[in-house]
Amino acid sequence: MSSLLVLCPAQKKLFSIWSNNLGVPSSNSSVICGRARFSMSSTHYIDLHPDKIPKHVAIILDGQRRWAKHRGLPVQHGYKFLAPNLKNVCNVSSKLGIQVLIVFAFSTENWIHFKKGIELTEEATKSNGGLHLMVALNYGGQYDMLQATKSTASKVKDGLLQVEDIDNILFEQELATKCAKFAKHNLLIRTGGELRISNFLLWQLAYSELYFSKKLFPDFGEEDLTEAILSFQQRHRRFDGRFDGQTY
């Protein structure tokens, strides 16, 4: 699995780990390749319908600081468990058949705590040919939409685009998630018990199912992820009163 660090404008950065079968990064990108193995032991998989696995899942990784405080530890200790647990989530996601996973965890000041762990996650998931992992760093959904609007307007001003040509597909090509194979997120999971999306992927989550877990992320495991997917599969997804049969 190769890796690509996408450096966007100051307030919008995405760290992307690309699987080999989803495309080749540009020539000026940093690429690392390798191999790894995965295991699947949870009995909860037997309850899941393989044809209804969400292709694109977003997770807000919340609760690291509270996890540490509850144990009388410095808050920084909570972030030490972020990357190892993310590696576990990636392994489970790959086995389930999830193809794109984007996670929202922290602001730039927490990058120091997470960077080394990301390298370990990267090393352990190199041969994962079915998962594209994206990590949102200091990301804001409103800013993402604003920059996409400015970029689109600039192309109209320069004569590269006609106003009549602007549609959802074109606009999504200006968003930070444009590199993902599946731009539409089927499911958003938030750990930590908070019931909000916190300015994350505002455009992309328009028709996503929402799942809120009370588990703090360091305690969020294989069983919790499969329960979230099972909840997703049990829902009847309807848009404008009609069932959408192509939502998975």
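The model I am reading is a predicted one. I then looked at His-49, whose backbone nitrogen lies 2.7 Å from a polar atom of the side chain of Gln-233.

Next I asked where Gln-233 is found, and I located this residue in helix H7, which covers residues 222-233. Is Gln-233 buried or exposed? I noted that Gln-233 counts as buried because its relative accessibility is 11%, and the cut-off for buried is under 20%.

I turned to strand E7, residues 209-212, where I saw Glu-209 and Tyr-211 on a covered face and Leu-210 and Phe-212 on an uncovered one. I reminded myself that side chains in a regular strand alternate between the two faces of the sheet. I also looked up the pairing of E7 with strand E6 (residues 187-190), and found that the two run parallel and are joined by four bridges. The bridge partner of Ile-189 in E7 is Tyr-211.

A second, separate core of 14 residues includes Leu-188, Phe-200, Leu-201 and Leu-205.

Last, I looked up the largest nonpolar core, which has 27 residues, and wrote down Ile-59, Leu-101, Val-103 and Ile-189 as those with the most contacts inside it. Among the elements that give two or more residues to this core are E6 and H7, while the largest share, six residues, comes from H3.

How values were computed:
Residues are numbered from 1 along each chain as its sequence is written. This is a predicted model: local features need pLDDT of at least 70, side-chain atom pairs count only at pLDDT 80 or more; totals for chains, interfaces and linings use all residues. Side-chain values use heavy atoms; hydrogens and water are left out. Buried means under 20% relative accessible area, exposed over 50%, partly exposed in between (1.4 Å probe, protein chains only). A polar contact is a pair of N or O atoms within 3.5 Å; within protein, one must be able to donate a hydrogen and the other to accept it, and residues adjacent in sequence count only if both atoms are side-chain atoms. Two strands pair if DSSP finds at least two bridges between them. A nonpolar core is a set of buried Ala, Val, Leu, Ile, Met, Phe, Trp, Tyr and Cys residues joined through side-chain atoms within 4.5 Å.
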